[in-house]
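These are my notes from going through one model. I put down what I looked up, entry by entry.

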Amino acid sequence: MDRSKPSLWDSAISGAASGVITRAVVSPLDLLKIRFQLQVSEPGNAPRYRHVLSSFPAIVREEGIKGLWKGHIPAQLLSFTYGAAHFCSYEALMKCAGRSGSGAGSKYRAANPGVTFLCGGLAGCCASLVAQPLDVLRTRLVAQTTADSKVYTSIPHAIRHMLTTEGPASFYRGLTPTLVLVFPQGGLQFSIYHGLSRIWRMALGDQSVVGFPRSSACGMVAGVVSKLAVLPLDLVKKRLQVQGYEHTWASLGRTVKYTSMADCIRQVWRTEGTLAFYKGAAPSLLKAGVSVALIFTSYEWCLDLLCHIKATRTTE
């Protein structure tokens, strides 16, 4: 296999593997981010979760250490599906654009930033369409904060309950803000990562295909910058995903019903203020930096491993 021209199958395998590896590490941060985004404090009352350092012990005390990985199975299915679809779509779009889209090949490094941004954004939208039901399912399981608010006893039960009480459309709640969010976020992640990687190589003369310091540093910057740009939309997406399910997250504060993306934005701005759109910013940005660094590092490592295995079989 030419390392600079991976097949779509190799990209899908590496993308899925990178998603699973990353999810196992950042799942507690993701859970905390969602809890922050969903809580709406009553006037005069302190929010249940105030900051990262005090929130982790509170969750462990109330829900046990396993509580930090609540909804982990659907989250892993989400990461597996999203990672495979994301990188496979990206490689396919880059090839359709007349460029070779590898993790670190020379032609890929020379890609126009605009093309990289467009392909990264569209790939994110494609992956979101495939993985949205799993994202909604994961968010609802994470929102169950106490035994009293628990509606779903298992993943199959959650699926049956949502289908019978809300219909198939419930699995695509929050799809509009998801797509509006993921296009710029995915585009920024790929364009910033590969732009910084190119600068890194030029400045340090590092021409290695797989480089842990380079991929980690560039991935972390790309993750933080791209997430910062879309934090308000991320909050709106999470609020819409739990509509029709408000009573289960009442322990996080006041519950609010939203009729649309525009209504959600309007109500949050009027009742909670502009800063409310940045709830959970600390765990969100921390998670984004760590996860994107891990995603690109493990993706390139997996591609290199597949290349090595195929080369070994060829020489035998």
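**Entry 1: Ala92**

I began with Ala92, which counts as partly exposed at 26% relative accessibility. The classes I used are buried for under 20% relative accessible area, exposed for over 50%, and partly exposed in between, with a 1.4 Å probe and protein chains only. Ala92 is found in helix 3, residues 72-96. I then looked up a pair of C-alpha atoms: those of Ala92 and Leu8 are separated by 6.9 Å, although the two residues are 84 apart along the chain.

**Entry 2: ground rules and confidence**

I note that this is a predicted model, in which local features need pLDDT of at least 70 and side-chain atom pairs count only at pLDDT 80 or more, while totals for chains, interfaces and linings use all residues. Residues are numbered from 1 along each chain as its sequence is written, and side-chain values use heavy atoms, with hydrogens and water left out.

I looked up pLDDT, the predictor's confidence in each residue from 0 to 100. The protein has a mean of 83, and 85% of its residues reach 70 or more. Confidence is lowest in helix 4 (residues 106-109), with a mean of 42, and highest in helix 9 (residues 261-271), with 91. Residues 100-110 have pLDDT below 50, yet in the model this stretch has 38 contacts beyond near neighbours in sequence. Contact here means heavy atoms within 4.5 Å.

**Entry 3: overall build**

I counted elements next: the protein has 10 helices and 0 strands. Both kinds are DSSP runs numbered from the N terminus, helices being H or I with at least four residues and strands E with at least two. Of the 316 residues, 50% count as buried. Among contacts between residues at least 6 apart in sequence, 78% join residues at least 24 apart. The protein exposes about 13700 Å², of which carbon and sulfur atoms supply 68%; accessible areas come from the Shrake-Rupley method with a 1.4 Å probe, and for residues only the protein chains shown count as cover.

**Entry 4: nonpolar cores**

Which residues touch the most other members of the largest nonpolar core? I found Val236, Leu240, Tyr258, Cys264 and Val268, in a core of 16 residues. A nonpolar core is a set of buried Ala, Val, Leu, Ile, Met, Phe, Trp, Tyr and Cys residues joined through side-chain atoms within 4.5 Å. Helix 7 (175-204), helix 8 (212-241) and helix 9 are the elements that give two or more residues to this core, and helix 8 gives the most, with 5.

I listed the contacts of Leu240, leaving aside its neighbours within four places in sequence: Arg173, Gly174, Pro177, Tyr258, Ser260, Met261 and Cys264. I also recorded a second, separate core of 14 residues, with Tyr90, Cys119, Ile192 and Leu303 among them.

**Entry 5: Gln189**

Gln189 has its place in helix 7 and is buried, with a relative accessible area of 13%. Beyond neighbours within four places in sequence, Gln189 is in contact with His86, Ala222, Ser226, Val292 and Phe296.

**Entry 6: salt bridges**

I looked up 18 salt bridges in the structure, each a side-chain nitrogen of Lys or Arg within 4 Å of a carboxyl oxygen of Asp or Glu.

Arg138 pairs with Asp30, the closest N and O atoms being 2.2 Å apart. Arg138 lies in helix 5 (residues 113-143) and Asp30 in helix 1 (residues 8-38), so the pair ties together parts 108 residues apart in sequence. Arg138 and Asp30 are both buried.

Lys33 forms a salt bridge with Asp234, with the closest N and O atoms 3.2 Å apart. Lys33 is in helix 1 and Asp234 in helix 8, 201 residues apart. Lys33 is buried at 3% relative accessibility, and Asp234 is buried at 1%.

Glu166 forms a salt bridge with Arg173, again with closest N and O atoms 3.2 Å apart. Glu166 is partly exposed at 21%, and Arg173 is partly exposed at 28%.

I also noted a network of salt bridges that includes Asp30, Lys33, Arg138 and Asp234, along with Asp135 and Lys227.
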